[in-house]
Amino acid sequence: MGTRVEDLRYTSYDGERRGSVACVAALTRQSALHALGFGRSWRAKFIPLGLIALCFGPAIVVLGLRALFAQQFPEPLTDLVPYEAYYNVISIGILALAGVVAPDLLCPDRRDRVLDLYFATAVSPRQYLVAKLAAALVPLLGVTLAPVLFLFGGNVLFALHPFGYLQDHLGDLARIVTAGFVIASFYGLLGLAASSLTARRAFAMGGLVGLLIASSATGGVLVEGLGADSSAQLLALPAIPIVLAERIFPDGDDLVGVGTAGWLLAYAAVCVVALAVLLFRYRGSDE
Amino acid sequence: MAAIRAEGVSKRYGTVEALRDVTVAVDETATGLLGANGAGKSTLMRALLGLVRPDAGSLGILGLDAAHDGDAIRRRVGYMPEGHCLPREPSAHAFVVHLAELRGLPRRAAVLRASEVLFQVGLEEERSRPIGTFSTGMRQRVKLAQALVHGPELVVLDEPTAGLDPAGREEMLRLVRRLSAELGIRVLFSSHVLEDVARTCDAVVVLRDGEVVTAGRLDALQGASTAATAVRVSGDAAAFCSALERRGLEPVAAGDRYVVQGADAAVFDAIRDAAAESGAGLRLLAPASPTIEDILVGAMEEA
């Protein structure tokens, strides 16, 4: 076995220096892995990965039943949980994951005052925000996109003619991807905006979950209890991305009584407000 | 062109004037930014890095304009902020690798460089420990390592000895001196402790209440003041003084010694000859020039 001598003297660095995009990508990767608990304690991994696994549950059950008992049911078992209904089924999981992930992305940096260091590197406050939003999307897409894609993949595999099914349902694939991004972006922005207001993870998590539940209750009470106009349903923040995602699919029901334009407007308004909060909170130390 | 240049820089935070018409040019390898807390040192450093926008004036660093080339400056300059600014969870190595990547280094190079600089700052053994378990001195070293990891041409060190015990301070000063003396990295070092600056820097910029009080090379500042020699003798001091006066020197009594103006070979020869002539024993022959501390304190009092 040969001996290797390491020369650890300090040398100047004359190698490659990448541009801003690579720096933002590095921050995104590190932040996403941190949010998912990689390189951290088992507890930090358990919660986000557990929530993601839970959100796969309905798809696994449906596909499992189909694999085992398809012959015994007259209706296709996949109709039990159609794509557009999947988001509603896992909505609590999405909300919980947003509540866990978003505070973990912003609060520790503010608490430990690491921002001073970050902004002294080649990353500006806005690039920092872009990286953190992209990092929030990674775990969120793990619940808003990956399980539905898994269900779609299972349906393709179990179809009598998989290629024919794929050809016939390519539109569904595009809708699944769009819906996944619609929900993940909404929760990502809202979660980060709430987290930007405090350096304490617990406060951010409580604030975000509290806001979502309170808004939902307010919308429900106004419409169901006080007989207010159905447009009051738009106050229910968790419903906004879910209903909008459902309406991306042709079979998405219009049960709520508010037009798609109304939901789209509410979605855009929430995203704009969240973005404004983020830009204000990360406007740079000197502005 | 000077490595660091400030022209008429002013910055105000509400009613507080942090910098007032600061004009200075620095081209030494190691320059100290000296001043009491609140003198404007950190504001000037942050303005040089493009992190603070001055209300008036212009700043340049390594030939780049701080107002427009902030990104380029921050890639070529290392910055060690004052105070706590490190995360608790990651290891020192993981964090320094991450900061290197944020400064544009590819991952493989970042990993190698992180090992290298952590070795240089004396953290090779503890590099895998979470930063949260580090002492203040070790945290300061991590901060220094991240400032060096991308091979900067200049490092800006904001109060690197703050909060350190005497041993830690000694070690940090040794590291800082090594940066400019051995590794060829320009250093801008802020401190409110004159001794720290005198031991690590070639030049000094003294700030008080946001204004530059004095600036220049330390040896030039010292040389600019009148040189003098202190002498202490045993035996007949009066005869020794008379012998000095016959040689054109005017001894002035200062405690147990005499001070004569001048500190060159002719003065030393005259003192030797006067001692031989009067039969006095020479007990002390030493420079009696004011110390750099005397000069800087005097300049601050005059300002």
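Let's start with a helix pair in chain A of this predicted model. Helix 7 of chain A covers residues 146-158, and helix 9 of chain A covers residues 170-195. The two pack with their axes 9 Å apart. The angle is about 165 degrees. Angles over 145 count as roughly antiparallel, so helix 7 of chain A and helix 9 of chain A are roughly antiparallel to each other. The crossing of helix 7 of chain A past helix 9 of chain A is right-handed.

Which residues make the contact? From helix 7 of chain A, we have Val148(A), Leu149(A) and Phe152(A). Helix 9 of chain A brings Asp172(A), Leu173(A) and Ile176(A). By class, the residues of this contact split into five nonpolar and one charged, with no polar ones.

Now chain B. Two domains here. Domain 1 of chain B runs 4-221, and domain 2 of chain B runs 225-294. How far apart are their C-alpha centres? They lie 44 Å apart.

On to confidence. Chain B has an average pLDDT of 87. In chain B, 93% of the residues score at least 70. Among the elements of chain B, helix 3, residues 92-102, has the highest mean pLDDT, at 94. Helix 11 of chain B, residues 292-302, has the lowest, at 67.

Last, the scores for the model: ipTM is 0.83 and pTM is 0.81.

How values were computed:
Residues numbered from 1 in each chain as written. Chains lettered and ligands numbered in written order. Predicted model: local features only at pLDDT ≥ 70, side-chain atom pairs only at ≥ 80, totals over all residues. Heavy atoms only, no water. Domains from an automatic or database assignment. Axes fitted to C-alpha atoms, helices over the stretch in contact; angles between N-to-C directions. Helix = DSSP H or I, 4+ residues; strand = E, 2+ residues; numbered from the N terminus. Parallel < 35°, antiparallel > 145°, perpendicular 65-115°, else oblique. Left-handed = near helix turned anticlockwise from the far one by under 90°. Contact = heavy atoms within 4.5 Å. Nonpolar A, V, L, I, M, F, W, Y, C, P; charged D, E, K, R; others polar. pLDDT = per-residue confidence, 0-100.
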